[in-house]
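Trainee: Could you walk me through this structure step by step, please?

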Amino acid sequence: MNPITVILVDDHDVVRTGLRSYLSTHADINVVAEARNGEEALLRADEMKPDLVIMDITMPGMDGLEATRRLKEQNPECLVLALTVHEDKQYFMEMLSAGASGYITKQAAADDLVAAIRTVAAGQVYLQPTLARWLLDDYQRLAKEAIPQAKPAENRDPVIGLEVLSKREREVLELVGQAWNNQQIGERLGLSPKTIARHRERIMHKLNMHSRTELVKFAIRTGLISA
């Protein structure tokens with residue numbers, strides 16, 4: 001059986017070196033290339049035609065989310081496994097939406113990474129068990145929303161508007177609604193991508209939302225951006 005050909009995408013040299021060294025001990029996995037950001041990942045993938053790309057999310061330049069979207073558009077057969085420090089529902093949902101077939105954090109055991117690679121390469125989905133509960137939460141929430149439940153007028157939940165957000169959060173939300181990623185928003189506002197990520201997490205918490213699509217709909221409904 002041919003080994004699983006893999007490209008490692010991570011902006012930290014020491015992480016890529018460690019991963020390559022560890023994966024080289026498994027005969028059924030062959031690391032054929034490395035990349036430091038999304039742009040390089042697309043170039044290496046086009047050159048090497050790997051079975052699977054192990055994709056970090058937060059990177060300078062093109063991040064893992066955008067790289068995954070473009071990679072799946074250019075080569076739908078190429079599989080993507082997200083490997084990230086982010087144990088975060090927003091990133092989890094957005095990576096799956098972008099086309100990733102698996103999601104695992106860097107805090108996971110090394111054996112779990114190998115299991116994830118083999119599972120995704122076999123055409124299945126691998127979700128770190130501690131994170132998979134988010135899909136169940138969303139399914140149950142959508143199931144409840146599908147069944148209309150009338151409430152007495154005095155008990156209805158108040159409509160949440162822009163007033164719950166700070167000025168900076170509104171600025172971030174406006175740019176999120178225009179499909180800017182964390183790197184681009186940070187450059188526009190003079191903040192780091194990690195700071196933008198924290199702003200997005202607070203926005204989603206305040207609005208009780210769990211995806212970029214929900215944020216865009218909210219921004220349009222409140223007049224923050226035009227449809």
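Predicted model: local features only at pLDDT ≥ 70, side-chain atom pairs only at ≥ 80, totals over all residues.

Mentor: Residues are numbered from 1 along each chain as its sequence is written, and side-chain values use heavy atoms, with hydrogens and water left out.

Trainee: How many helices and strands does the protein chain have?

Mentor: Helices (H or I, at least four residues) and strands (E, at least two) are taken as DSSP runs and numbered from the N terminus. Counted in this way, the secondary structure of the protein chain comes to 10 helices and 6 strands.

Trainee: In what order do the strands of the open sheet lie?

Mentor: Strands of a sheet pair through backbone hydrogen bonds, either parallel or antiparallel. Two strands are taken as paired if DSSP finds at least two bridges between them. The edge strands are β2 (29–35) and β6 (126–127), each pairing on one side only. The open sheet has 6 strands with parallel pairing, and their order is β2-β1-β3-β4-β5-β6.

Trainee: Which residue of β5 stands opposite alanine 82?

Mentor: Strand β4 pairs with strand β5 (residues 102–105) in the parallel sense over 4 bridges. The residue of β5 that stands opposite alanine 82 is tyrosine 103.

Trainee: And in β6, which residue is the bridge partner of tyrosine 103?

Mentor: Strands β5 and β6 run parallel and are joined by 2 bridges. In β6, the bridge partner of tyrosine 103 is leucine 127.

Trainee: Which helix does the chain pass through on its way from β4 to β5?

Mentor: A crossover is called right-handed if, with the strands pointing away from the viewer, the path from the first strand over the helix to the second runs clockwise. One right-handed β-α-β unit is made by β3, helix α3 (residues 64–74) and β4. The crossover from β4 to β5 is also right-handed, and the helix it passes through is α4 (residues 89–98).

Trainee: Why is strand β4 described as largely enclosed by the rest of the structure?

Mentor: Buried means under 20% relative accessible area, exposed over 50% and partly exposed in between, with a 1.4 Å probe and protein chains only. Leu79, Leu81 and Leu83 point one way from β4, whereas Val80, Ala82 and Thr84 point the other way, and all are buried. Strand β4 (residues 79–84) is largely enclosed because the number of its residues that are buried is 6 of the 6.

Trainee: Is aspartate 56 buried or exposed?

Mentor: Aspartate 56 lies in the loop between β3 and α3. Its C-alpha atom is separated by 5.2 Å from that of leucine 83, although the two residues are 27 residues apart along the chain. With a relative accessible area of 5%, aspartate 56 is buried.

Trainee: Which element gives the most residues to the lining of the largest cavity?

Mentor: On a 1 Å grid over the protein atoms alone, a cavity is a set of points where a 1.4 Å probe fits but cannot get out, and lining residues have an atom within 4 Å of a point. The residues that line the largest cavity include Ile57, His86 and Tyr91. Two or more lining residues come from each of α8 (182–189) and α9 (193–207). The element that gives the most, with 3 residues, is α9.

Methods:
1 Å grid on protein atoms, 1.4 Å probe; cavity = no way out; pocket = protein on both sides within 12 Å on 5 of 7 lines; lining within 4 Å.
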